[in-house]
Amino acid sequence: MQKDQSINVLGGPLSPCSMAPLTGFFRDGHCNTCAQDAGSHTVCAVMTAEFLAYSAYVGNDLSTPRPEFHFPGLKPGDPWCLCAARFLQAHDEGCAPKVSLEATHMRALEIVPLEVLQGHAA
């Protein structure tokens with residue numbers, strides 16, 4: 001798999017999102033993406049209790065540890081590369097978390113308008 005250029009939504013170099021817990025489609029700590037990343041794991045968001053509850057409610061439990069996948073489970077305050085569509089869905093439902101614009105990949109803009117991301121800037 002070939003990574004897309006590591007450029008953020010502001011046009012600069014993509015900053016790391018989280019090394020602990022290790023995030024990203026490539027599990028490289030960045031919200032890098034490629035053609036095979038069907039979920040577009042491109043939005044670097046800081047988890048909140050409200051968002052984690054919402055995510056579990058819509059079928060993606062990010063809080064429960066899954067040791068078989070080396071996934072510690074997320075807690076409020078943890079940064080994580082979210083699927084852009086899930087972020088937009090949470091925005092539409094009024095429970096989107098804060099976003100690190102410098103660590104959010106420019107491909108997120110194919111799904112989420114920049115103004116929406118800026119409105120949730122950390």
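Here are a few friendly notes on this predicted model, going from the sheet to the cores and then to one histidine.

1. Let's start with the sheet. Three strands make up an open, antiparallel sheet, and their order is β2-β1-β3. The edge positions belong to β2 and β3 (98–99); each has a single partner strand, so one side of each is left without a neighbour in the sheet.

2. Next, the pairing of β1 with β2. These strands run antiparallel and are joined by five bridges.

3. Now the largest nonpolar core, which has 23 residues. The members that touch the most other members are Val43, Met47, Leu62, Leu82, Phe87 and Leu117. At least two residues of this core come from each of β1 (41–46), α1 (49–57), β2 (79–83), α2 (84–93) and α3. Another core, of five residues, lies apart from it; Cys17, Cys31, Cys44 and Ala103 are among them.

4. Met47 deserves a look of its own. Leaving out residues up to four places away in sequence, Met47 touches residues including Leu52, Leu62, Leu74, Pro76, Trp80 and Leu82.

5. Finally, His120, found in the segment after α3 (114–119). His120 counts as buried because its relative accessibility is 16%, under the 20% cut-off. Its side chain makes a polar contact of 2.9 Å with the side chain of His91. Beyond four places in sequence, His120 touches Phe87, His91, Ala96, Pro97, Lys98 and Val99.

Conventions
Residues numbered from 1 in each chain as written. Predicted model: local features only at pLDDT ≥ 70, side-chain atom pairs only at ≥ 80, totals over all residues. Heavy atoms only, no water. Helix = DSSP H or I, 4+ residues; strand = E, 2+ residues; numbered from the N terminus. Buried < 20%, exposed > 50% of the residue type's maximum accessible area, 1.4 Å probe, protein only. Polar contact = N/O pair within 3.5 Å; in protein donor to acceptor, adjacent residues only side chain to side chain. Contact = heavy atoms within 4.5 Å. Core = buried A, V, L, I, M, F, W, Y, C linked by side-chain atoms within 4.5 Å. Pairing = 2+ DSSP bridges.
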